[in-house]
Amino acid sequence: MNPGKRLTAAADAVRPGKRVVDVGTDHAYLPAFLVLGGKTPLCLAVDIGTGPLENAKKTVEKYALSDRIVLRISDGLHEVLPEEAEDITICGMGGTLMTKILSECEWLQKADLHLVLQPQSHVWEVRTFLLRNGFCIDDESVSEDAGKLYITISAFYDGQKYAPDNGLCYFGTLLQKEDRLTCAYTENLHRQLCIRLQALQNAGVNNDETAWLQDCLAFYKKNKN
């Protein structure tokens, strides 16, 4: 099966041979792709409602994967046990909701837990949560699907919590990369910051947002290859 470039990027970030929990699975395209490709032996696909799980059931039945993909109704990770998850994938939702799901999971902070996150918005909120709660962002990538750019974040729990720099939360590790898509993405972010800062300065505004924008632009200047 071909799940598209966006979900393929998420699948590429999953560790081979690990038990995967896919949160907000909808049609279960990602779990099916992972299992069919031999990336994972077992996947737990969860969603909050019966409608999405009915869609997921059709995919599981189509590819005869009922022995390797378990479907379960769950509000985020509330109905998932710690021992069921080695890699957790969350794709196709906004960063605010994603952060809420992660913050409500009591057992999230466990050794060697790996998160693969693909926020559709508010990416900086996700990075901020990770860095403040003991996760190390080890890699990020940009993929293009149907004319849109998507960020995939790979993060491991290592227990080191700290207050991250504003620029790191906004740009993440993407400034270290030089591929076409990543450069297009970060240059667009930089352009948006410049436009907003110029508008505030033209209006004579000097507030917390101004300081935040200046921090992010300084980070960009310092870290851009």
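Let's start with a pocket: the residues lining the second largest pocket divide into five nonpolar, four polar and three charged. Here Ala, Val, Leu, Ile, Met, Phe, Trp, Tyr, Cys and Pro count as nonpolar, Asp, Glu, Lys and Arg as charged, and the others, Gly among them, as polar. Keep in mind that this is a predicted model, where local features need pLDDT of at least 70, side-chain atom pairs count only at pLDDT 80 or more, and totals for chains, interfaces and linings use all residues. Residues are numbered from 1 along each chain as its sequence is written, and side-chain values use heavy atoms, with hydrogens and water left out.

How do you find empty space in a protein? Rolling a probe the size of a water molecule over the atoms shows where empty space is left. On a 1 Å grid over the protein atoms alone, a pocket is an open set of points with protein on both sides within 12 Å along at least five of seven lines, while a cavity is a set where a 1.4 Å probe fits but cannot get out; lining residues have an atom within 4 Å of a point. Points are joined across faces, edges and corners, and a volume is the space filled by probe spheres set on them.

Back to that second largest pocket, with a volume of about 170 Å³. Its lining includes R6, D22, D26 and C91, and the elements that give it two or more residues are α1 (5–13), β1, α2 and β4 (87–93). Helices (H or I, at least four residues) and strands (E, at least two) are DSSP runs, numbered from the N terminus.

D26 is found in the loop between β1 (20–23) and α2 (29–36), with a phi near 55°. Most residues other than glycine have a negative phi. D112 has a positive phi too, near 70°, and is found in the loop between α4 (95–103) and β5.

The largest pocket has a volume of about 220 Å³. Which residues lie nearest its centre? They are Q120, S121, V123, Y185 and L189, out of 15 lining residues. Helix α7 gives the largest share of the lining, four residues. There is also one cavity of 30 Å³ or more, and its lining includes D75, H78 and C105.

Now for the aromatic rings. Rings of Phe, Tyr and Trp (its six-membered ring) pair if their centres lie within 6.5 Å; planes under 30 degrees apart count as stacked, over 60 as edge-to-face and the rest as tilted. The whole structure holds six such pairs. Y170 and F171 have ring centres 5.3 Å apart and planes at 85°, so they are edge-to-face. F171 and Y220 have centres 5.4 Å apart and planes at 45°, so that pair is tilted. This second pair links distant parts of the chain, F171 in helix α6 (residues 166–171) and Y220 in helix α8 (residues 208–223), 49 residues apart. Ring pairs join W124, Y170, F171, W212, F219 and Y220 into a cluster.

Is F171 buried or exposed? F171 is buried, with a relative accessible area of 1%; buried means under 20%, exposed over 50%, and partly exposed in between (1.4 Å probe, protein chains only).
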